[in-house]
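Let's take a friendly walk through this model, starting with its sheet and ending with its aromatic rings.

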Amino acid sequence: CKLALKFLTERGISYNTILKYNLHYCGYGEYKNRIIIPSYDEFGRLNYFIGRSFSENNKFKYLNSSANKEKIIFNDLFISWEHEICLVEGPLDAIRNDINAIPILGSSLSRKMEIFKKIIKNKSAVNLIFDNDKAGKHGLLSSGKLLLEWGIETYYTNISPHKDPGEMDYKQIKEAIKNKKS
């Protein structure tokens, strides 16, 4: 659909990114007028998906599949665990700038999440890049505290004046990451 493609390109998501992450459009049914953002486990198997509305008529911005979000690592297939991991809240934040980012599909990390377990196992350094709102700020503090309690090298990136990392272009996010804080 042209409207779905327009929605993505206006948010700085290139055609190559659409292909890399296998983004789709749904024109009917429960996910009508949504971009379908699939997630793949480390072996390339589909493990989750999200429908992101691009229409003002949809009541909810996101419509999640029924799988347990805590049990998946969104797009683990694309993550380099030996490099610094950037944790973000949503999938568009993760895929837009290709910064080794994983969406936590919420606003804070918990011990129950598979992503937390894999970070601990790999001892991956983590950069928290959360939305610049009340929930994001709270999630940043609680997630940072949790990671530090487990001895994980933890940073945060201030994205102000932007609302969320998905609004930032590649140059802006790279500059903000360069200025991350411990």
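## A parallel sheet and its helix

A word on terms before we start: contact here means heavy atoms within 4.5 Å, and angles between axes run from 0 to 180 degrees between N-to-C directions. Please keep in mind that this is a predicted model.

With that in hand, look at helix H5 (residues 134–149), which lies across E7 and E8 and runs at about 165 degrees to E7. Both strands belong to an open, parallel sheet of four, ordered E6-E5-E7-E8. Its edges are strand E6 (101–103) and strand E8 (154–156), each of which pairs on one side only. On average, neighbouring strands of this sheet are turned by 30 degrees against each other, direction ignored.

How many bridges join strand E7 to E8? There are three, with E7 covering residues 126–128. Val126, for instance, has Thr154 in E8 as its bridge partner.

## Aromatic pairs

The structure holds six aromatic pairs. One of them is the tilted pair of Tyr25 and Phe54, at 5.8 Å centre to centre with 45 degrees between the planes. Tyr25 lies in strand E1 (residues 24–26) and Phe54 in the loop between strand E3 (46–53) and strand E4 (62–64), so this pair ties together parts that are 29 residues apart in sequence.

## Charges over rings

Arg52 lies over the face of Tyr62, 5.3 Å from the ring centre. The charged end of Lys180 sits over the ring of Tyr155, at 4.5 Å from its centre.

How values were computed: Residues are numbered from 1 along each chain as its sequence is written. This is a predicted model: local features need pLDDT of at least 70, side-chain atom pairs count only at pLDDT 80 or more; totals for chains, interfaces and linings use all residues. Side-chain values use heavy atoms; hydrogens and water are left out. Two strands pair if DSSP finds at least two bridges between them. Helices (H or I, at least four residues) and strands (E, at least two) are DSSP runs, numbered from the N terminus. Rings of Phe, Tyr and Trp (its six-membered ring) pair if their centres lie within 6.5 Å; planes under 30 degrees apart count as stacked, over 60 as edge-to-face and the rest as tilted. A charge sits over a ring if NZ of Lys or CZ of Arg is within 6 Å of the ring centre and within 35 degrees of the ring normal.
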